[in-house]
Amino acid sequence: GGRYLSFTLVRTGGSERQLLVVRDVSREMRVESIRKDFVANASHELRSPLTVISGYLDALADDASLDPAWGAPVLEMRRQTERMSSIINDLLELSKLESGERRHIERPIDIAGLLSLLRREAMSLERRPRNVNTQIDSEEWLLGAETEIHSIVSNLLTNAVKYTPSEGEVTLRWWTDDEGGHISVRDTGVGIAAEHIPRLTERFYRVDSGRSREMGGSGLGLAIVKHALQRHEATLTIESTPGKGSTFTCHFPQHRVVSREGVEAGVAR
Ligand code: ADP
């Protein structure tokens with residue numbers, strides 16, 4: 001039942017005077033919190049019935065005495081339930097990130113190691129671009145929550161792989177400079193028209209819903225990326241040319257870049 005106030009400082013036209021705008025946002029905050037709880041509970045409740053259905057479908061798919069006419073439909077039902085559970089998992093992950101409920105434990109992360117691990121995973125996929133490369137231009141590590149950093153890069157990489165034809169290429173890069181640490185995922189895929197770029201991180205937003213759905217995504221990947229980045233005071237930039245490819249870059253602030261020696265010294269102590 002507390003009140004939430006929002007304060008905004010506005011400088012008035014060229015003069016030295018400033019205006020403090022105070023707004024009561026209690027109602028908005030309550031509505032937002034009800035929405036978040038609803039999504040969290042709904043996705044949680046949907047998970048158990050889906051697990052039961054998947055279990056029976058797995059058994060059916062392995063059942064040698066099954067009428068062959070049911071073979072294809074059972075496979076399709078399995079594919080669709082898998083999709084449903086991946087959407088539900090994304091919803092759960094997003095609501096955990098939003099509510100700040102998930103424990104956020106930070107430690108130094110070996111980004112070079114993470115990128116090569118994700119690269120190996122991508123290279124083992126059946127449908128993938130010809131090449132997935134890593135380009136490591138820094139020896140530094142990054143201070144962050146490991147599961148979240150993993151999920152950020154993994155979501156960006158999954159998209160790059162999905163939207164790049166087999167003769168294309170994907171490059172994961174890590175570098176540091178005066179501004180901080182940067183991870184980019186570059187692809188030579190289908191690209192994105194400029195008007196869609198500002199809306200990509202909205203929940204369920206898709207450029208071409210028919211095709212994207214066929215690709216098996218939930219439309220939540222980039223919303224998850226955005227929230228996980230926010231929790232690291234990091235930002236996302238998206239550059240893309242339709243027909244040529246896209247680059248998604250995560251920019252982490254300087255104080256998150258830690259030296260490897262520091263990490264080892266810290267562990268030894
Ligand atoms: P989805 O699960 O549909 O991939 P995302 O939130 O991850 O959802 O992405 C939103 C939309 O952004 C996608 O549906 C797709 O249209 C577009 N998109 C994301 N990454 C890329 C990329 N690397 N190349 C082209 N389009 C992309």
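Helices (H or I, at least four residues) and strands (E, at least two) are DSSP runs, numbered from the N terminus. The structure shown is a predicted model, in which local features need pLDDT of at least 70 and side-chain atom pairs count only at pLDDT 80 or more, while totals for chains, interfaces and linings use all residues. Residues are numbered from 1 along each chain as its sequence is written, and side-chain values use heavy atoms, with hydrogens and water left out.

View 1. The side chain of Ser246 makes a polar contact with the side chain of Ser240, at 2.9 Å. A polar contact is a pair of N or O atoms within 3.5 Å; within protein, one must be able to donate a hydrogen and the other to accept it, and residues adjacent in sequence count only if both atoms are side-chain atoms.

**View 2. The shell around the ligand.** The ligand is surrounded by 21 residues, the closest being Asn159, Asp187, Ser218, Gly219 and Leu222; a residue is counted as near if one of its heavy atoms lies within 4 Å of the molecule. Taken alone the ligand exposes 530 Å², and the protein buries 97% of that (accessible areas come from the Shrake-Rupley method with a 1.4 Å probe, and for residues only the protein chains shown count as cover). Two or more residues of the shell come from each of helix 4 (146-162), helix 6 (221-230) and strand 9 (245-253), and helix 4 gives the most, with 3 residues. By type, the shell divides into 10 nonpolar, 8 polar and 3 charged residues, where Ala, Val, Leu, Ile, Met, Phe, Trp, Tyr, Cys and Pro count as nonpolar, Asp, Glu, Lys and Arg as charged, and the others, Gly among them, as polar.

View 3. Leu5, Phe7, Leu9, Leu20 and Val22 make a nonpolar surface patch of about 520 Å². Strand 1 (5-11) and strand 2 (18-24) are the elements that give two or more residues to the patch, and strand 1 gives the most, with 3 residues. Val22 lies in strand 2 and is partly exposed, with a relative accessible area of 46%. Patches are made of residues with over 30% relative accessible area and no salt bridge, like charges being joined within 9 Å and nonpolar side chains (Val, Leu, Ile, Met, Phe, Trp, Tyr) within 5 Å.

**View 4. Salt bridges between separate parts of the chain.** A search of the whole structure finds 13 salt bridges, each a side-chain nitrogen of Lys or Arg within 4 Å of a carboxyl oxygen of Asp or Glu. Arg78 forms one with Asp58, the closest N and O atoms being 2.9 Å apart; this pair links Arg78 in helix 2 (residues 71-99) with Asp58 in helix 1 (residues 26-62), 20 residues apart. In another, the closest N and O atoms of Arg173 and Asp137 are 2.8 Å apart. Arg173 lies in strand 6 (residues 169-177) and Asp137 in the loop between strand 4 (131-136) and strand 5 (141-145), so the pair ties together parts that are 36 residues apart in sequence.

**View 5. The salt bridge of Arg256 and Glu233.** The closest N and O atoms of Arg256 and Glu233 are 3.0 Å apart in their salt bridge. Because Arg256 lies in the loop between strand 9 and strand 10 (257-258) and Glu233 in the loop between helix 6 and strand 8 (235-241), the pair ties together parts that are 23 residues apart in sequence. Arg256 is buried, with a relative accessible area of 3%, whereas Glu233 is partly exposed at 44% relative accessibility.

Conventions:
Buried < 20%, exposed > 50% of the residue type's maximum accessible area, 1.4 Å probe, protein only.
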